[in-house]
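These are my notebook entries on one structure, written down in the order in which I looked things up. I begin with a pair of charged side chains and then turn to helices, cores and rings.

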Amino acid sequence: MANTAFQNQYRQEFIKGFAQRQSILRMAVTTEAMIKGSAAIFLTSAGSATATTRGVNGLIPARDNDLTQTTATLTEQHDLVHATGFNIFASQGNMNAIMQEESMGTINRKIDFDILTEMATGTLETGTAVTASKTLILKAYVHLLNQGVPNDGNIFAAISPAFFGYMLDIPGFASADYVVVKPHVNPPVPNVLDGKKNGYGEGWYKWMNVNWIVHPSIVGIGTSTERCFMWHRSAIGHAVNTESMESEVGYN
């Protein structure tokens with residue numbers, strides 16, 4: 001006969017696992033909140049024309065606008081978690097909240113996956129894979145500026161944690177003399193205490209007038225072939241039908 005009767009304590013409040021639950025990149029692209037339709041069409045102008053002089057006949061030469069219509073086609077995306085009403089009632093913790101948060105996290109990760117996949121179709125690259133360094137950063141930065149990309153504070157970079165680690169060895173990035181959000185001290189996201197934001201960053205580190213986003217889903221993360229990106233907000237768009245997005249728990 002056992003002389004102990006141990007008791008198990010089950011915590012009612014569930015502990016969130018380590019997973020990305022918010023879209024990190026949607027704030028770094030041109031967005032469109034659709035209400036009705038199957039596609040969003042973004043209009044862009046080349047802006048590459050040059051000024052001309054008046055002709056000998058006194059007339060100013062005319063030209064057409066160089067416009068491009070780029071289509072983002074909407075697709076249905078779902079994450080259906082199934083549980084019986086009894087299982088929800090009998091389970092540990094708030095199963096309704098768990099199902100809602102996990103489904104919304106799945107959809108938000110898909111948003112970032114789509115954006116990263118689209119950026120991977122770009123043709124402007126820095127060459128073969130090399131170790132992250134200030135030289136590599138400047139090469140990517142200069143590539144963009146050579147294409148006429150405006151240095152207006154809307155240039156973003158999605159980097160891996162390893163890339164970020166190498167950046168911490170760059171004095172100009174890690175020093176408080178050059179950056180507002182000190183990477184050795186403060187996180188890039190706003191500090192929230194009792195529901196109130198206490199400052200810090202906007203979701204990214206800002207350096208060289210580039211907004212640096214550390215992302216956990218970079219292609220090839222943890223390998224020697226990680227693929228990081230630098231782009232201007234106007235270079236890529238994302239559309240979502242915000243009116244019909246749901247994460248409700250109900251019954252069939």
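**Entry 1: salt bridges**

I looked up Arg227 and found that it counts as partly exposed, because its relative accessibility is 30%; the classes are buried under 20% relative accessible area, exposed over 50% and partly exposed in between, with a 1.4 Å probe and protein chains only. Before going on I noted that this is a predicted model, in which local features need pLDDT of at least 70 and side-chain atom pairs count only at pLDDT 80 or more, whereas totals for chains, interfaces and linings use all residues. I also noted that residues are numbered from 1 along each chain as its sequence is written, and that side-chain values use heavy atoms, with hydrogens and water left out.

Arg227 forms a salt bridge with Glu125, and the closest N and O atoms are 2.6 Å apart; the term asks for a side-chain nitrogen of Lys or Arg within 4 Å of a carboxyl oxygen of Asp or Glu. Glu125 is partly exposed too, with a relative accessible area of 45%. I then asked where the two partners lie in the chain. Glu125 is in the loop between helix 2 and helix 3, and Arg227 is in the loop between strand 8 and strand 9, so that the pair, 102 residues apart, links distant parts of the chain. Helices (H or I, at least four residues) and strands (E, at least two) are DSSP runs, numbered from the N terminus.

A search of the whole structure gave me two salt bridges. Asp114 and Lys110 also meet through their side chains, at 2.6 Å from N to O, and both lie in helix 2, four residues apart, about one turn of the helix. Asp114 counts as partly exposed at 31% relative accessibility, and Lys110 counts as partly exposed at 26%.

**Entry 2: helix 2**

I checked the length of helix 2: its 25 residues should span 36 Å at 1.5 Å a residue, and the end C-alpha atoms are 36 Å apart, which agrees. The expected span is 1.5 Å times one less than the number of residues.

Among the buried residues of helix 2 are Ala97, Met99, Ile107, Ile111 and Met119, and what covers the buried residues of this helix includes helix 1 (85-90), strand 9 (229-232) and strand 10 (237-241). Ser103 is found in helix 2, which runs over residues 95-119, and it is buried, with a relative accessible area of 12%. Leaving aside neighbours within four places in sequence, Ser103 is in contact (heavy atoms within 4.5 Å) with Asp79 and Val81.

**Entry 3: helix 3**

Helix 3 has 13 residues and reaches 18 Å from its first C-alpha to its last, close to the 18 Å expected at 1.5 Å a residue. Which of its residues are buried? They are Leu136, Ile137, Ala140, Tyr141 and Leu144. Seen down the helix axis, these buried residues fall within an arc of 135 degrees, so they line one face of helix 3; the arc is that of the directions from the helix axis to the C-beta atoms. The face turned away from this buried side carries the exposed residues Thr135 and Asn146. The buried residues of helix 3 pack against strand 4, helix 4, strand 7, strand 8 and strand 9. Just after helix 3, Gly148 takes a positive phi of about 85 degrees.

**Entry 4: cores and rings**

The largest nonpolar core has 21 residues, and Phe163, Met167, Trp207, Trp212 and Met230 have the most contacts inside it; such a core is a set of buried Ala, Val, Leu, Ile, Met, Phe, Trp, Tyr and Cys residues joined through side-chain atoms within 4.5 Å. Helix 3 gives the most to this core, with five residues. A second, separate core of 16 residues includes Met119, Ala158, Ile218 and Trp231.

My search of the whole structure for aromatic pairs found seven; rings of Phe, Tyr and Trp (its six-membered ring) pair if their centres lie within 6.5 Å, and planes under 30 degrees apart count as stacked, over 60 as edge-to-face and the rest as tilted. Phe164 and Phe173 form an edge-to-face pair, at 6.0 Å centre to centre and 90 degrees between the planes, and both are buried. Trp207 and Trp212 form a tilted pair, at 6.3 Å centre to centre and 40 degrees between the planes, and Trp207 and Trp212 are buried as well. With Tyr205, these residues, Phe164, Phe173, Trp207 and Trp212, form one aromatic cluster.
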